[in-house]
Amino acid sequence: MSISPTHNEALAAQLDRAINNKTKPLGSLGVLEALARQIGLIQNTRDIALTKPSILVFAADHGVVAEGISAYPQDVTWQMVENFLARGAAINVFATQNHCELRVIDAGVNHDFGPRDGLTDRKLAHGTRNFANEPAMSRDLCQTALAAGMALASELEGNVVGFGEMGIGNTTAAAALMHKLTGIPVAQCVGAGTGLSADGILHKQRVIEAAVARHAHATEALDVLATFGGLEIAMMAGAMLKAAELRKILLIDGFIVTSALLVAARMHPAILDYCVFAHCSDENGHKQMLDALGAKPLLNLGLRLGEGTGCALALPLLHAAVNFLNQMATFESAQVSEKSE
């Protein structure tokens with residue numbers, strides 16, 4: 001795998017000239033200007049475009065739920081997948097609203113759906129093992145999940161890919177990944193997840209701290225992912241890596257999705273050039289995870305739902321960035337006087 005950095009001084013200068021020559025004061029479109037520039041560098045052209053945006057929602061279960069770290073039972077994972085397939089979830093509403101294809105992937109749900117319209121079956125196991133006692137996955141299974149995600153990304157026609165997830169217990173996995181890969185104390189990584197009380201959050205913290213001590217040998221990104229991650233997180237990380245290699249725009253959702261990116265970025269740092277961070281989640285730890293990646297999220301709406309909802313809500317901003325660069329008049333074409341010296 002080879003992910004090329006997007007740095008290109010000549011193209012960046014061309015994009016800056018095009019942006020600055022629009023009928024507006026310099027910098028007055030703020031973040032949209034930086035976004036247009038980034039899209040141009042990703043696509044390696046001044047003539048930027050968004051084609052067939054899609055959101056991939058990866059679902060899987062986690063053995064660590066046996067430790068009582070979630071406010072909801074594990075069955076909610078498969079029940080929410082059914083809700084996605086019935087088009088009844090928030091991500092269905094927002095993806096439809098923004099004309100975005102939605103793909104739901106069973107990476108490892110502890111339930112047998114059978115052949116279903118709208119469900120991509122890539123199940124590798126009926127969930128992970130309980131990482132409080134043993135590694136969540138073998139190294140081989142983790143690599144298989146990464147490869148499955150890469151294959152999924154290779155199938156996509158469009159040039160924008162958003163990432164979402166569903167999996168009871170996955171904020172616990174994400175918090176463990178965050179701690180191991182950033183060194184941020186566990187207490188600052190854990191949050192309420194699906195709605196834990198203060199006592200529940202403290203219990204979750206202690207479960208992670210004990211697991212981290214048990215698996216202190218896991219330090220390399222792949223080993224950390226195999227030890228503490230989930231099948232949906234691993235498959236998502238693989239899809240992200242392949243999408244970046246194919247020079248697609250990666251739309252990054254909240255806490256769990258960012259933990260998958262954190263793993264991918266430790267493997268191939270250049271992936272960050274391709275990432276647009278949709279929002280800052282209200283889940284405790286997400287802001288610090290974003291800071292560790294040097295990320296600047298587009299939105300801060302108090303979201304903590306997951307599912308890729310932040311990606312769908314941020315997508316209109318990508319369209320706005322592309323459209324102003326392509327359609328807005330220049331000072332010359334509009335015969336508008338430029339700023340006086």
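Helices (H or I, at least four residues) and strands (E, at least two) are DSSP runs, numbered from the N terminus. The structure is a predicted model, in which local features need pLDDT of at least 70 and side-chain atom pairs count only at pLDDT 80 or more, while totals for chains, interfaces and linings use all residues. Residues are numbered from 1 along each chain as its sequence is written, and side-chain values use heavy atoms, with hydrogens and water left out.

Cysteine 280 is located in the loop that joins β6 (275–277) to α12. With a relative accessible area of 10%, cysteine 280 is buried (buried means under 20% relative accessible area, exposed over 50%, and partly exposed in between, for a 1.4 Å probe and protein chains only). Apart from residues up to four places away in sequence, cysteine 280 touches His286, Lys287, Leu290, Pro297, Leu299 and Asn300, where contact means heavy atoms within 4.5 Å. Alanine 321 is 41 residues from cysteine 280 along the chain, and the C-alpha atoms of the two are separated by 20 Å.

The "active site" annotation in the unreviewed UniProt entry covers Glu307; UniProt positions are given in the numbering used here, feature names are shortened, and annotations may be inferred rather than shown by experiment. Glutamate 307 sits in the loop between α12 (286–293) and α13 (309–327). Its relative accessibility is 4%, so glutamate 307 counts as buried. When neighbours within four places in sequence are left aside, glutamate 307 is in contact with Val57, Met80, Phe84, Ala89, Ala90, Ile91, Gly164, Glu165 and Asp253. A polar atom of the glutamate 307 side chain lies 3.3 Å from the backbone nitrogen of isoleucine 91.

Threonine 309 belongs to helix α13. Threonine 309 is also buried, because its relative accessible area is 3%. The residues touched by threonine 309, not counting those up to four places away in sequence, are Ala90, Ile91, Phe94 and Asp253.

Two packed helices are described by the angle between their axes and the distance between the axes. Helix α4 (residues 90–97) packs with α13 at an angle of about 20°, and their axes are 9 Å apart; axes are lines fitted to C-alpha atoms, for helices over the stretch in contact, and angles run from 0 to 180 degrees between N-to-C directions. α4 and α13 are therefore roughly parallel to each other (angles under 35 degrees count as roughly parallel, over 145 as roughly antiparallel, 65 to 115 as roughly perpendicular and the rest as oblique). The crossing of these two helices, α4 and α13, is left-handed, a term used if the near helix is turned anticlockwise from the far one by less than a right angle, with right-handed used if clockwise. Ala90, Ile91, Phe94 and Ala95 in α4 meet Thr309, Ala312 and Leu313 in α13.

For helix α5 (residues 139–155) and helix α10 (residues 231–245), the axes come within 6 Å and cross at roughly 45°. α5 and α10 are therefore oblique to each other, and their crossing is right-handed. Residues making the contact include Leu141, Cys142 and Ala145 of α5 and Leu231, Ala234 and Met235 of α10.

Arginine 87, in the loop between α3 (75–85) and α4, has a phi of about 65°. Histidine 99, in the loop between α4 and β2 (101–108), has a phi near 55°. Arginine 87 counts as exposed at 51% relative accessibility, and histidine 99 counts as exposed at 70%.

Key. Polar contact = N/O pair within 3.5 Å; in protein donor to acceptor, adjacent residues only side chain to side chain.
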